[in-house]
Amino acid sequence: MVTIPRLETERLILRAFTSNDFDAYADLWADGDWSQFIGGPLDRNKAWRTLAADIGHWHLLGHGMFAVEEKATGKFVGMIGHWHPEGWPEPEIAWTLAPTSAGKGFATEAVHELIDYTFNTLKWDTVVSYIDDKNIPSQKVATRVGAIAEDTIEMNGKPIRVHRHPNPNTNSASSTVPKGSA
Amino acid sequence: MNFIPRLETERLILRAFTPEDYVHVHAIFADEEWSQYIGGPLDGGSSWRAFASLIGHWTIRGYGTFAVEEKSTGSFVGMIGHWFPEGWPEPEIGWTLSKSAAGKGYATEAVKEVLRHTFDDLKWETAISMIAPKNEASKKVAERLGAKFEEEIVSRGNTVGIYRHPKPTI
């Protein structure tokens, strides 16, 4: 059985989902404006299955999505992690905050930590983020943490920008697709 | 997922899913006719998420769906177990065989063991199965094992019959 790690930043804890996260998780998915770029809106039944799939992803692949908890309040404020379902071109770093937790720099703080974990703990060669063409806030976060927009592809019928995160342990900032990522 | 029990019948093993089971689960979900009563057909991306959610269900609820393996060959022949996502009226016992494994009495054999597990090991007071009115094969299995039709309900836009499994009296 896979052990889901616990990561920490100054203001945030990244940890395994628990069933207590479900209400806040379902609220995030129910908000059509907010969840439109990650496949929403979803009703509570579909959100529950998605939470179950997020957890199952860890057991199938050994990596996955974390719940993000605000240290100061203990509240669920979003999710971030690796996402590589069947049909995805490469593993990606994905993130979404709860609407009420936006605007505090939490996404940037969590993505920084995930990038460090990806390259320095998991020792991946490369990782991307797939961001909807219209999702300006996430594109800004990706750019702020140093990702390079290298391409626009179509995923589920939508134009998606491929942002590649530079590997701090290699000289080349971009370009090579990982071996055996399929 | 080392807390998932391993159950055994004369011809079958009921065990935790492994990543290698995905191709077989996908084959079930991708077949339009075969998957019509379990929410299919699904494409690869959707069947993978459905597969992942079956596994995550165990973490959230502490019980869930087993892979069914044929003892004599070691082949994956279907899935069976408990299913209780948000919005379901009650926890249910659900099952689906691979198409190639139908007609051998495997569903009846597996459901019988899951009923034993439900009442003897998990100590549940009651359990239902939700079966589409046109799903004659599953209705026969439920009725053969003593389940009683209670009512038809509409669950997420689909009409399904509620079959209640009798708790064995000691």
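Is A:Ile80 buried or exposed? I began with this residue, in what is a predicted model.

**Entry: A:Ile80**

I found A:Ile80 in strand 4 of chain A, which covers residues 76–83. I counted 24 other C-beta atoms within 10 Å of A:Ile80; 20 or more make a residue buried, so A:Ile80 is buried. I then listed its contacts, leaving aside neighbours within four places in sequence. They are A:Leu14, A:Met65, A:Phe66, A:Val68, A:Trp95, A:Ala110, A:Val111 and A:Leu114. I also looked up the pair A:Ile80 and A:Gly64: they are 16 residues apart in sequence, and their C-alpha atoms are 8.5 Å apart in space.

**Entry: A:Glu109**

I went on to A:Glu109, which is in helix 4 (residues 106–121) of chain A. A:Glu109 has 18 other C-beta atoms within 10 Å and is therefore partly exposed. Beyond its neighbours within four places in sequence, A:Glu109 is in contact with A:Thr9, A:Glu10, A:Arg11 and A:Leu12. From A:Glu109 to A:Gly39 I noted 70 residues in sequence and 24 Å in space, C-alpha to C-alpha.

**Entry: chain A as a whole**

I counted five helices and eight strands in chain A. Along the sequence I read their order as β-β-α-α-α-β-β-β-α-β-α-β-β. I noted a span of about 45 × 35 × 35 Å for the C-alpha trace along its principal axes. Buried residues are 39% of the 182 in chain A. Of the contacts in chain A between residues at least 6 apart in sequence, 52% join residues at least 24 apart.

**Entry: chain B as a whole**

For chain B I counted four helices and eight strands. From the N terminus I read them as β-β-α-α-β-β-β-α-β-α-β-β. A compact globule of 170 residues would have a radius of gyration near 15 Å, and the 15 Å of chain B agrees with this. The C-alpha atoms of chain B fill a box of roughly 40 × 35 × 35 Å along the principal axes. I noted 38% of the 170 residues in chain B as buried. Contacts between residues 24 or more positions apart are 50% of those with a separation of 6 or more in chain B.

**Entry: two helices within chain B**

How far apart are the axes of helix 1 and helix 2 of chain B? I found them 9 Å apart, at an angle of about 120°. The two helices are therefore oblique to each other, and their crossing is right-handed. From helix 1 of chain B, the residues that meet helix 2 are B:Tyr22, B:Val25, B:His26, B:Phe29 and B:Ala30. From helix 2 of chain B they are B:Gly44, B:Ser47, B:Trp48, B:Ala50 and B:Phe51.

**Entry: where the chains meet**

I looked next at the contact between the chains, which takes 18 residues from chain A and 19 residues from chain B. The chain B side has eight nonpolar, eight polar and three charged residues.

Helix 3 of chain A and helix 2 of chain B, each covering residues 44–61, have axes that come within 6 Å and cross at roughly 90°. These helices are therefore roughly perpendicular to each other. Among the residues that meet here are A:Arg49, A:Ile55 and A:Leu60 in helix 3 of chain A, and B:Arg49, B:Ile55 and B:Ile60 in helix 2 of chain B. The residues of this contact divide into nine nonpolar, seven polar and three charged.

Most residues other than glycine have a negative phi, and most peptide bonds are trans. I looked for exceptions.

- The peptide bond from A:Gly40 to A:Pro41 is cis, with omega near 0°; A:Pro41 is in the loop between helix 2 and helix 3 of chain A.
- B:Gly40 and B:Pro41 are joined by a cis peptide bond with omega about -5°; B:Pro41 lies in the loop between helix 1 and helix 2 of chain B.
- B:Lys123 has a positive phi near 60°; B:Lys123 is in the loop between helix 3 and strand 6 of chain B, and is exposed, with 7 other C-beta atoms within 10 Å.
- B:Arg156 has a positive phi of about 50°; B:Arg156 is in the loop between strand 7 and strand 8 of chain B, and is exposed, with 12 other C-beta atoms within 10 Å.

How values were computed:
Residues are numbered from 1 along each chain as its sequence is written. Chains are lettered from A and ligands numbered from 1 in the order in which they are written. This is a predicted model: local features need pLDDT of at least 70, side-chain atom pairs count only at pLDDT 80 or more; totals for chains, interfaces and linings use all residues. Axes are lines fitted to C-alpha atoms, for helices over the stretch in contact, and angles run from 0 to 180 degrees between N-to-C directions. Angles under 35 degrees count as roughly parallel, over 145 as roughly antiparallel, 65 to 115 as roughly perpendicular and the rest as oblique. Two residues are in contact if their C-beta atoms, placed from the backbone, lie within 7 Å. Ala, Val, Leu, Ile, Met, Phe, Trp, Tyr, Cys and Pro count as nonpolar, Asp, Glu, Lys and Arg as charged, and the others, Gly among them, as polar. The radius of gyration is taken over C-alpha atoms; the globule rule is 2.2 Å times the number of residues to the power 0.38. A crossing is left-handed if the near helix is turned anticlockwise from the far one by less than a right angle, and right-handed if clockwise.
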